[in-house]
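Please consult the sequence and the model alongside the text.

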Amino acid sequence: MWGLIHKLGSPKWFYQLSATLQPWCWGAAALLLLTGTLWGLVFAPADYQQGNSFRIIYVHVPAAFLAQSVFVFMAGAGLIHLVWKIKMADMAAAAMAPLGAAMTFVALFSGAVWGVPTWGTWWIWDARLTSMLILLFLYIGVIALRGAFARRDSGARAASVLAMVGVINIPIIKYSVDWWYTLHQPASFTLTSRPAMPVSMWLPLLIMVAGFYCFFIALTLMRTRSEILRREAHTQWVQTLVKESR
Amino acid sequence: MPSSDTTPQVAIVSESKAKPRLTVALRATLVRELSRMRRRRGEVLNPLVFYALAISLFPLGISPEADLLTAIAPGLLWVMALFATLLSLDGLFRSDFDDGSLEQMMLSPQPLAALSVTKVAAHWLLTGVPLAVMAPLLGVMLALPLHSYGVLMVSLALGSASLSLIGGIGAALTVGLPRGGVLLSLLVLPLYIPVLIFGSGAVQAAVVGDAVLPHLAMLGALLAAALIFAPWAIAASLRISING
Amino acid sequence: MTLCLQGRQLGCERDDRWLFSGLDIEINHGEILRVTGPNGSGKTTLLKILAGQLNDFSGALHWNGQPLSQVSEQFAANMLYLGHAPGVSAWLTPLENLAWYQALQGERGSEEQREAALARMGLQGLEDTPIGHLSAGQQRRVALTRLSLTPRALWVLDEPFTAIDQAGVDALEAQLAAHADAGGAVVVTTHHALNNARPLCHIALG
């Protein structure tokens, strides 16, 4: 176990490993996303209440899942970076942050679009959407803090601390927003909360969620690899790599 | 400069004699903060003046109608207290960072987390508590019913302690940056949302005569959580900023 | 009592650039170590490492034979660091600043003790003037008062001669020499050549 962690901590080793992993992740992502999209948009039955507009769920829910879990991954990487001083973890965190923010934005935007047929308005202070909006601000904070430091190493450490502070706060924020919501709008309709979804509806959703995760992993690997090249540009192995590719 | 009189032999402090007395250091730090602020009255007064001024803009911007003001008063008083706290945060560690005192705090044999929380406590005493004391005055201007003033003060006093602690993390993270002020608010405001919800919730409940205790209990729980997590986060952030 | 701070193969990397590497340092009692080098060569960083303030460096530090990280509390109780910034608050008087420093070390001290120490630094009459009203040299003198007020075996001083006048420079030099004579040790960065016959070690960076 420790050997694996230390191997993963070596940028060169990670670079080589990710080279073999990457095509598989892209393949799986393409396959899953294609299946899920076709199934969800074409073959799944329409909702008895919302009609076809419910199909936004196949983008909204996976994006929302990812938006939240990416923050947790990022904080985990931050912890590894701070405690064991493994710079590889920080490169991964730096690669993940904009992806997580983008997923949060997708979840927010799809929620807003969904709001038009459902509530007749683009924005409603729904508990989930509100939490998602706050999450977006948390992401922007982490990204901005990293960028604000002149020295990259300090920015990396500061971003790691903030990500960990954020991840402790996310459940608290979620809980308090839910409390606030029930206090102000006790009986209103919430997106995606439904008593029972038939298999033909949730199975494609599951596939889409898996597809989003694969897509995210593939993209993170790709971005981490370019971050490795950027940071390790002065090392022997990167320079030979560049020479070979010429 | 010292005259070269009989210089005593330099002694190396051994393990047993090195026991530093934490309470002495903490009390001295609190006294130091309070006397520093006594000489920088503006630093203490400005957030309060901002609070009063900002609150008095709302009737001008919205409407002087009492019913409307009563409805929005709990939220306004709380949101503006948030901003007033935020305004004072940038100075929390800044001057100690610039003059090298933070470096000395870090190198002292005392735990940095305890020393920095003492500074945060002083910040709360000089910002949060005065805001809480002043809030009823502004409540009058916003036509807040009399019976909710007690809850307003208690909720602000309790909540602002969490605000100081959470804000301390943001201040510690941005103290090394030349213009950390705006970034600080970006980092800290999202983390303030739970405090805002339960704080203004308490006042709203008091206005309509609902149970207030659940809200206040939640504010207390938030403060407990902040007391557990914030000190190490502040200390870790300060170390990053000092060595940046 | 002996005193020994050892650094082996010290190196410090900042954003993929090595400030210095492979540095072997040993400071024993009775020694003055002077660190020189051009701007940006990592003098301050080296001093921060030797003061136990930075921990992201390569190599190992030992205090009296034990790894520094294991005896950090004991080390902190024997070391006095003066950084680039004097470390005194502009809004407090010299007496208040010094009282706080003593308290940080867990000592209460006494007002007479602090007044005497300030007087020895030529600051009598200024005890109750806020630091912000003093000149840069006077502020530095207040910071240097700590050398005699809180006795420590190892002094780590980053540019201590900055801003003080010639008489002050001479006196501080004598003080450093006396400290080494008494069995203490000094690590100092300065552009100013120390002109006395101390067992002076010298490290040039850059």
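**Sheet of chain C**

In chain C, 5 strands form an open sheet with parallel pairing, in the order S6-S7-S8-S3-S9. Strands count as paired if DSSP finds at least two bridges between them; helices (H or I, at least four residues) and strands (E, at least two) are DSSP runs numbered from the N terminus. This is a predicted model, in which local features need pLDDT of at least 70 and side-chain atom pairs pLDDT 80 or more, while totals for chains, interfaces and linings use all residues. Residues are numbered from 1 along each chain as its sequence is written, chains are lettered from A in the order in which they are written, and side-chain values use heavy atoms, without hydrogens and water.

- S6(C) pairs with strand S7 (residues 154-158) of chain C over 4 bridges, in the parallel sense.
- C:Leu82 stands opposite C:Leu157 in S7(C).

*Helix*
- Helix H5 (residues 136-149) of chain C lies across S6 and S7 of chain C, at about 170° to S6(C) (angles run from 0 to 180 degrees between N-to-C directions, with axes fitted to C-alpha atoms, for helices over the stretch in contact; contact means heavy atoms within 4.5 Å).

**Largest pocket**

- The largest pocket holds about 1,300 Å³ of space (the volume filled by probe spheres set on grid points, which are joined across faces, edges and corners).
- Its 48 lining residues include A:Lys85, C:Gln53, C:Leu54, C:Asn55 and C:Asp56, the closest to its centre.
- On a 1 Å grid over the protein atoms alone, where a 1.4 Å probe fits, a pocket is an open set with protein on both sides within 12 Å along at least five of seven lines, and lining residues have an atom within 4 Å of a point.
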